[in-house]
Amino acid sequence: MFSFNMFDHPIPRVFQNRFSTTYRCYSVSMLAGPNDRSDVEKGGKIIMPPSALDQLSRLNITYPMLFKLTNKNSDRTTHCGVLEFVADEGICYLPHWMMQNLLLEEGGLVQVDSVNLQVATYSKFQPQSPDFLDITNPKAVLENALRNFACLTKGDVIAINYNEKIYELRVMETKPDKAVSIIECDMNVDFDAPLGYKEPERHGHREEITDIEADNTEYMADLGFRAFTGSGNRLDGKTKGIEPSPSPLNPGDIRRGIPNYEFKIGTLTFIRNSRPQVKRVEEDDTARFIAFSGEGQSLRKKGRNP
């Protein structure tokens, strides 16, 4: 698939407009230069040598450029995009999480092939730690992090950076294929339960009920709503003095619909309002009403005439 020149650099071969070559890979921390390239660690793109750009520009390939990375020793594969072509010849730089997926060590050989991937429509992720649940809006955080990725591969464990903390997520499922492109796509995202997550246990709490409380409970259930059963509070905030609690009512003494005529202090009983029936007196001649039949009175006594 490749040959070496006098400088021991692999020369890419072209087969039917397909780019294919082998590089020695290193993590981004090994990239020499004054500029900090930590942005490469936050995404799914690699850095390739300028010779790769020269070869790719001569091919009739589909943009954006996507690649399949293969570690032949472990038979592990993944997919990625390219960020820049500034690496030394024969070398490519990968994010650390990508090297872990491929089981590659520093200086290991990786096969790089150009590929065309279908656009993603659905993906499912499983956080590798319950700490991911502390994020308020995980979908928005993931959407922002995936802007630095070019494609997703089923089975990969990707790493995203949020609030100076690294969160790892395993790609559980992708549609319509096991490897998809996520550049300018409308993709539905779903989450599995985090690895090691346990549902909180719910213990039923049942309080002990005394015989008196049981009797009151049955009585209240029989009466239904009972008014004025709460406690009062003062407006000035002071606590009320300790008052003797009223003795509980015996459900056998008072039944529904029958007033309690034996009133005791500390209890409240409602008596239905009813008017007493007026005794009807038989009408006779003496009880009949006669208008203007009364006698008048005077404040001054009349004197006798001589």
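This is a predicted model: local features need pLDDT of at least 70, side-chain atom pairs count only at pLDDT 80 or more; totals for chains, interfaces and linings use all residues.
User: How many bridges join β10 to β15, and do the strands run parallel or antiparallel?
Analyst: Two bridges, and β10 and β15 (residues 179–181) run parallel. If you want a pair to click on, V119 stands opposite S181 in β15.

User: OK, zooming out. How many helices and strands are in the chain?
Analyst: Five helices and 16 strands. The chain has 306 residues, and 30% of them count as buried.

User: And the contacts: what share join residues at least 24 apart?
Analyst: That's 74%, taken among contacts between residues at least 6 apart in sequence.

User: Next, the open sheet with four strands. What's the order?
Analyst: It goes β13-β14-β11-β16, and the pairing is mixed. β13 (157–162) and β16 (188–191) are the edge strands; each has a single partner strand, so one side of each is left without a neighbour in the sheet. From one strand to the next, the twist averages 35 degrees.

User: What joins β11 to β14?
Analyst: Six bridges, with β11 (residues 122–127) and β14 (residues 165–175) running antiparallel. As one example, K124 has E173 in β14 as its bridge partner.

User: Which strands does helix α4 lie across?
Analyst: Helix α4 (residues 138–145) lies across β11, β13 and β16, and runs at about 125 degrees to β16.

User: Which of the α4 residues are buried?
Analyst: V141, L142 and A145. Looking down the axis of α4, you find these buried residues within an arc of 95 degrees, so they line one face of the helix. What covers them includes β11, β13 and β16.

User: Switching to pockets. What's the volume of the second largest pocket?
Analyst: About 340 Å³. It has 14 lining residues, and E143, L146, I182, C185 and M187 are the ones that lie nearest its centre.

User: Which element gives the largest share of that pocket's lining?
Analyst: α4, with three residues.

User: What about enclosed space? How many cavities of 30 Å³ or more are there?
Analyst: One. The largest cavity has a volume of about 50 Å³.

User: Which residues line that largest cavity?
Analyst: The lining is G44, T78, H79, C80, W97, M98, F149, C151, L152, T153, D156 and I158. By element, β7 (76–84), α3 (96–102) and β12 (151–153) each supply at least two of the lining residues.

User: Now β8. Which way do its residues point?
Analyst: In β8 (residues 91–94), I91 and Y93 point one way, C92 and L94 point the other way, and all are buried.

User: How is β4 joined to β8?
Analyst: By four bridges, with β4 (residues 19–27) and β8 running parallel. C25 has C92 in β8 as its bridge partner.

User: I've got T21 selected. Where is it, and is it buried or exposed?
Analyst: T21 is in strand β4. Its relative accessible area is 0%, so T21 is buried.

User: How far is its C-alpha from that of G90?
Analyst: The two C-alpha atoms are separated by 9.4 Å, while T21 and G90 are 69 residues apart along the chain.

User: Last one, S114. Which strand is it in, and why does it count as buried?
Analyst: S114 sits in β9 (residues 108–115). Its relative accessibility is 12%, and buried means under 20%, so S114 counts as buried.

User: What is S114 in contact with, leaving aside neighbours within four places in sequence?
Analyst: With that exclusion, S114 is in contact with R18, F19, L66 and F67.

Conventions:
Residues are numbered from 1 along each chain as its sequence is written. Side-chain values use heavy atoms; hydrogens and water are left out. Two strands pair if DSSP finds at least two bridges between them. Axes are lines fitted to C-alpha atoms, for helices over the stretch in contact, and angles run from 0 to 180 degrees between N-to-C directions. Contact means heavy atoms within 4.5 Å. Buried means under 20% relative accessible area, exposed over 50%, partly exposed in between (1.4 Å probe, protein chains only). On a 1 Å grid over the protein atoms alone, a cavity is a set of points where a 1.4 Å probe fits but cannot get out, and a pocket is an open set with protein on both sides within 12 Å along at least five of seven lines; lining residues have an atom within 4 Å of a point. Grid points are joined across faces, edges and corners, and a volume is the space filled by probe spheres set on the points. The arc is that of the directions from the helix axis to the C-beta atoms.
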